[in-house]
Amino acid sequence: MTRELPGRLVLLGHPVAHSLSPTFQNAALDAAGIPMRYEALDVAPAGLGAMLGLLADARGAGNITIPHKEAAFAWMAKRTALAERVGAINTFWTEDGALVGDNTDVGGFTFAVRRLLERAPEGIRLGMLGAGGAAAAVCAAVEQWADSRVVVHARTRDRAEALAARFPGVVRVAKSEIDTVTGTDLLVNATPLGLEGSLMPIAPGVIPDTCAVLDLTYRRGRTPFVKACRARGLRTDDGLPMLVEQGALAFERWFGTPPDRDAMWRSFRAPETA
Ligand code: NAP
């Protein structure tokens, strides 16, 4: 390893106590023999700018999660082209005292789709529920795939329309919820439904047998939606592969070397995360 280590490595969110990122990032640090800890910091929205200022002074690096991804965009001195495209930051580091922002959710999502479909994502008709920050990363990913399109439905139609306007040619607004599953290869839940409670983003019974399902939300023991889709025999995964891969890509940005992805996955096999 040739580059200087970050002064601090953090996750900024509100709340963050539930996050699995410290578990697998610290496993990757240990596996690489890097003498640092990855800390989760609960930062209220009003304190985000001040915290990022402190981190710039401390040569900090890390991840940004709910609800700060879009707000953090404005606090970066530089942003990668992909972060500009998504309009949100989930990974940052410091160069010459200035914060640089990137978005590795895009690469994390493409990885999760490849893993689920067991093929390169090309010629995909993707239905999507939700039109927030994660949905924007999905659209930026689909834009990179050949011959692929998104049909988006959101409870706040204006947000779906705004997303379609930002990704013209790739995204259209669904006529109804059912439109997202009609002739669809892959249905994506980009709402937080399932993080807790038993509500589902759509009734699993209306999803065609040939449609795969990727729930970006995850929780211990799987979301109710993933469980119900699996029970129906649909090819289904939750948000964990995307989470781990976005973290692995972030690790590469911070340290210039890929992490031990197996060590990251093994960290979940501890009894408390099974
Ligand atoms: P967000 O920006 O707040 O957007 C959430 C979207 O879901 C919005 O369209 C919102 O609609 C809609 N929504 C919220 N509550 C709803 C409800 N009760 N019923 C129907 N629609 C609802 O959130 P986000 O950052 O995109 O995150 C969405 C989910 O993806 C979260 O669970 C997050 O943990 C997950 N995520 C996972 C990964 C990963 O690596 N696996 C990465 C990023 C995000 P309104 O505009 O009407 O509120």
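Biologist: What do the numbering and the values rest on?
Modeller: Residues are numbered from 1 along each chain as its sequence is written, and side-chain values use heavy atoms, with hydrogens and water left out. In this predicted model, local features need pLDDT of at least 70 and side-chain atom pairs count only at pLDDT 80 or more, while totals for chains, interfaces and linings use all residues.

Biologist: How many residues surround the ligand?
Modeller: The closest are Ala134, Arg155, Thr156, Arg159 and Thr217. By class, the shell has 11 nonpolar, 7 polar and 4 charged residues (Ala, Val, Leu, Ile, Met, Phe, Trp, Tyr, Cys and Pro count as nonpolar, Asp, Glu, Lys and Arg as charged, the others, Gly among them, as polar). The number of residues around the ligand is 22.

Biologist: Which residue has a polar backbone atom 2.8 Å from an oxygen atom of the ligand?
Modeller: Polar contacts here are pairs of N or O atoms within 3.5 Å. For Leu243, a backbone N or O atom lies 3.3 Å from a ligand oxygen, and for Gly133 the distance from a polar backbone atom is 3.0 Å. The residue at 2.8 Å is Ala131.

Biologist: Which residue forms a salt bridge with Arg59?
Modeller: A salt bridge is a side-chain nitrogen of Lys or Arg within 4 Å of a carboxyl oxygen of Asp or Glu, and the whole structure has 18. The Arg59 pair has an N to O distance of 3.7 Å. Arg59 is in the loop between helix H2 (48–57) and strand S3 (60–64), and its partner, 55 residues apart, is in the segment before strand S1 (8–13). That partner is Glu4.

Biologist: Which residue has a positive phi although it is not a glycine?
Modeller: The residue lies in the loop between helix H5 (105–117) and strand S7 (125–129). Its phi is about 55 degrees, and the residue is Glu118.

Notes:
Near = heavy atom within 4 Å. Polar contact = N/O pair within 3.5 Å; in protein donor to acceptor, adjacent residues only side chain to side chain. Helix = DSSP H or I, 4+ residues; strand = E, 2+ residues; numbered from the N terminus.
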